[in-house]
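Colleague: I've just opened this one and I'm new to it. Could you walk me through it?

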Amino acid sequence: MSKATITSSLVSVQWLAENLGAENLVVLDASMKPVTPVQSSDPQEEPAYIKGARRFDFDQHICDHNTTLPHMMPSPEFFTQEMQKLGINKDSAIVVYDDVGVYSSPRAWWMFRAMGHAQVAVLDGGLPAWKKADLPCSSQVELSAEKRGDFESQPLSGLFVDSAHVLEATADPRYAILDARSEGRFHGVEPEPRAGLRSGHIPGSLNLPFAQVVVDGLVLPPTELDSVFSKLVDKEQNLIFSCGSGVTACITALAGELAGYSKIAVYDGSWSEWGAESSNFPVVKN
């Protein structure tokens with residue numbers, strides 16, 4: 001049996017279908033939904049997963065349980081333990097997807113990258129594109145693997161950054177902070193969906209709503225992404241991506257990488273931390 005090699009951070013459903021039988025391939029469902037949804041008489045609402053997929057729940061499980069901030073990056077030790085339970089190996093080629101298209105899967109992609117695993121990609125179009133192509137699905141998802149993997153976290157510094165780093169970056173022209181929230185939330189004219197948060201944005205940050213880089217569940221082609229990014233930043237800048245809670249920031253981080261930007265970081269706490277009413281971080285409305 002052949003092995004799969006991932007050469008891009010984004011793969012198509014055709015690529016995944018052709019490599020589904022590779023011995024080192026692992027498909028992870030990183031949807032932000034419960035594993036066992038309510039049963040429905042409508043077959044369109046029945047649970048569906050890519051056949052053989054394993055569950056990667058970064059919202060409730062694979063996260064830091066010692067903070068009140070949502071789905072923060074866990075320790076390398078915990079990540080190693082949980083990935084081994086999922087049967088992931090050092091040589092695994094990992095494809096992550098979600099049930100929206102490209103929404104929560106980039107967060108899982110970035111978590112693996114931060115833990116030093118380069119062989120990981122996002123499925124362009126996610127489950128909707130897979131189902132549209134009439135490719136094999138299952139009504140169940142695996143929560144663990146029969147055989148424990150040998151995955152080991154080798155964390156890379158700087159891929160996730162904290163509030164102190166972001167605060168310094170607000171006064172440093174070598175950095176650009178890109179906020180993936182909607183224009184209304186960025187300017188403080190739309191309410192935040194989470195309680196206890198102020199309205200506005202990080203001083204000096206720029207607005208790049210994630211909806212500008214994903215259309216109908218598919219990421220824009222690299223040439224179009226380059227056009228989007230070149231209007232805001234240049235290739236030499238260090239880019240810090242932020243959003244509401246560190247999920248959609250990873251969509252724009254993925255888009256930035258595909259557009260050819262290499263100095264990329266994600267602000268893990270994002271607006272859930274910065275915009276908290278209990279915090280003293282400066283907030284701008286305009």
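Colleague: At what angle do the axes of H3 and helix H8 cross?

Modeller: First, a word on the source: this is a predicted model, where local features need pLDDT of at least 70, side-chain atom pairs count only at pLDDT 80 or more, and totals for chains, interfaces and linings use all residues. Residues are numbered from 1 along each chain as its sequence is written, and side-chain values use heavy atoms, with hydrogens and water left out. Helices (H or I, at least four residues) and strands (E, at least two) are DSSP runs numbered from the N terminus, and axes are lines fitted to C-alpha atoms, for helices over the stretch in contact, with angles from 0 to 180 degrees between N-to-C directions. The axes of H3 and H8 (residues 248-258) come within 8 Å, and they cross at roughly 70°.

Colleague: How are H3 and H8 oriented to each other?

Modeller: Angles under 35 degrees count as roughly parallel, over 145 as roughly antiparallel, 65 to 115 as roughly perpendicular and the rest as oblique. The axes cross at roughly 70°, so H3 and H8 are roughly perpendicular to each other.

Colleague: Which residues of H3 and H8 make the contact?

Modeller: Contact means heavy atoms within 4.5 Å. On the H3 side that gives Pro 106, Arg 107, Trp 109, Trp 110 and Arg 113. From H8 come Cys 250, Ile 251, Ala 253, Leu 254 and Glu 257.

Colleague: How many residues of H3 are buried?

Modeller: Buried means under 20% relative accessible area, exposed over 50%, and partly exposed in between (1.4 Å probe, protein chains only). Among the buried residues of H3 are Trp 109, Trp 110 and Phe 112. H3 is mostly covered, the count being 9 of its 10 residues.

Colleague: Which helix is included in what covers the buried residues of H2?

Modeller: H2 spans residues 76-85, and its buried residues are Phe 79, Thr 80, Glu 82, Met 83 and Gln 84. Phe 79 also belongs to a cluster that ring pairs build with Phe 56, Phe 112 and Phe 151. What covers the buried residues of H2 includes helix H3 (105-114).

Colleague: How many aromatic pairs does a search of the whole structure find?

Modeller: Rings of Phe, Tyr and Trp (its six-membered ring) pair if their centres lie within 6.5 Å; planes under 30 degrees apart count as stacked, over 60 as edge-to-face and the rest as tilted. Searching the whole structure gives 11.

Colleague: What kind of aromatic pair do Tyr 267 and Trp 274 form?

Modeller: Their ring centres are 6.3 Å apart, with 90° between the planes. Planes over 60 degrees apart get a name of their own, and for this pair it is edge-to-face.

Colleague: And which residue forms a stacked pair with Trp 274?

Modeller: In that pair the centres lie 4.5 Å apart, with 15° between the planes. Both partners are buried. The residue is Phe 281.

Colleague: Over the ring of which residue does the charged end of Arg 181 sit?

Modeller: A charge sits over a ring if NZ of Lys or CZ of Arg is within 6 Å of the ring centre and within 35 degrees of the ring normal. The charged end of Arg 181 is 4.3 Å from the centre of its ring, which belongs to Trp 271.

Colleague: Is Asp 134 buried or exposed?

Modeller: Asp 134 is found in the loop between helix H4 (126-132) and strand E7 (137-138). Its phi is positive, near 60°, though the residue is not a glycine. At 70% relative accessibility, Asp 134 counts as exposed.
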